[in-house]
Amino acid sequence: MAGFLDEIEPLKQTALAELKAAPDLAALEQTKGAWIGPNGKFTALMKQMGKLSKEEKPAAGKLVNAAKIELEAALAARREELEMAAALPKHPTDFTLPGRRRALGKLHPLTQVTDDIVRAFRKIGFAVADGPEIEDEYHCFDALNTPADHPARDSQDTFYLATDSADSKLKTQNSKLLLRTHTSSVQIRVMEKQAPPIRIIVPGRVYRRDNADATHNPTFHQIEGLYVDKGVTVGDLKGTVEFVFRELMGSDVKIRFRPHYFSYTEPSYEIDFTNALVKKMGKDWLEIAGCGMVHPQVFENVGYDAAVWTGWAFGFGIERIAMLRYGINDIRLFYENDVRFLKQF
Ligand code: DAH
């Protein structure tokens, strides 16, 4: 009996020391097996208890159980220590190292130019309006005094949608669905909903059946303007356009109106633009936009009294302005998403 009891303490001490020294979780499992697993040394000791006499058993049992509890506690403690160590990064962080620079994105040049145009118009009281890119023929053409047989429909040919598969909510007045060729359709949509006076600009994406080349792309962007009130004149139009272009491109900007034809304005003009940059390109003037006084028929189409209301409208191409501003010579660069290009603006 004395021999058995004497064995417990040294065995326990050795087991405790080994458990505490286990260098990792795998080693710890092995040590556990070697001591308290089914074939462990401590388990073998416990098995020997069966050979003890009835009187000896209680004292020995108490001792062995206490030792086993101690071993299990030591095992659990070491396991927790090793698990925590395993969760830490292998190489400690050096907080004195310089930080890694994060590449920041920026606004696309077309967005920057659009934002600047919008900012300039806001200064003089224009609000931003919006309309659908999937439009119907009526709002894109008919309501703008451009009937089906009008030649302007050729120069603004676009992509038509198969109407039978289209969402019926979009179908209006039995008019075919298409991708809008200009933001002018939003003039109609706003006037249908709102009574004059109106002072809006409409930046947005438009579509044409054009082949892509250095100056054309099947999708591009425009900004439309519409001003409706009593007694509005071409002078207001010219002053407004001049103000905005000077805000945008500098105080040396000059604007010229050239007579033109649009079915929704009368009279109509093309706007030419010049500044030092244009001169440097070896040109006198660059055509930059279309505009005019809103045609009385357009007012009639939206239910405005053309004898009471007057107004003007214009449409700029945003790409053209951006190309001029940044000296870009190929429109396709805007859509390629090449960061080497985009980074420069
Ligand atoms: N919608 C024309 C285009 O796409 C531009 C335009 C011309 C807009 C005259 C207007 C306007 O509002 O009055 O080329």
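The centres of domain 1 and domain 2, taken over C-alpha atoms, are separated by 86 Å. Domain 1 covers residues 2-87 and domain 2 covers residues 109-342, with bounds that come from an automatic or database domain assignment. The model is predicted, so local features need pLDDT of at least 70 and side-chain atom pairs count only at pLDDT 80 or more, while totals for chains, interfaces and linings use all residues. Residues are numbered from 1 along each chain as its sequence is written, and side-chain values use heavy atoms, with hydrogens and water left out.

The largest nonpolar core has 43 residues; such a core is a set of buried Ala, Val, Leu, Ile, Met, Phe, Trp, Tyr and Cys residues joined through side-chain atoms within 4.5 Å. Buried means under 20% relative accessible area, exposed over 50%, and partly exposed in between (1.4 Å probe, protein chains only). The core members that touch the most other members are Phe245, Ile271, Phe273, Phe314, Phe316 and Ile321. Beyond its neighbours within four places in sequence, Phe273 is in contact (heavy atoms within 4.5 Å) with residues including Phe245, Met249, Val253, Trp285, Leu286 and Leu324. In soluble globular proteins, nonpolar side chains tend to be buried together.

Leu324 and Ile321 are among the buried residues of helix α12 (residues 318-326), as are Ile318, Glu319, Ala322 and Met323. Helices (H or I, at least four residues) and strands (E, at least two) are DSSP runs, numbered from the N terminus. Just after α12, Gly327 takes a positive phi of about 65 degrees.

The whole structure holds 17 salt bridges, each defined as a side-chain nitrogen of Lys or Arg within 4 Å of a carboxyl oxygen of Asp or Glu. One of them pairs Arg79 with Glu29, with the closest N and O atoms 2.9 Å apart. Because Arg79 lies in helix α4 (residues 57-87) and Glu29 in helix α2 (residues 25-36), this pair ties together parts that are 50 residues apart in sequence. Arg79 is partly exposed, at 26% relative accessibility, and Glu29 is partly exposed at 39%.

Another salt bridge joins Asp136 and Arg189, whose closest N and O atoms are 3.5 Å apart. Asp136 lies in strand β2 and Arg189 in helix α8 (residues 185-193), so the pair ties together parts that are 53 residues apart in sequence. Asp136 is buried, with a relative accessible area of 1%, whereas Arg189 is partly exposed at 21% relative accessibility. Arg256, Arg258, Glu270 and Asp272 are linked in a network of salt bridges.
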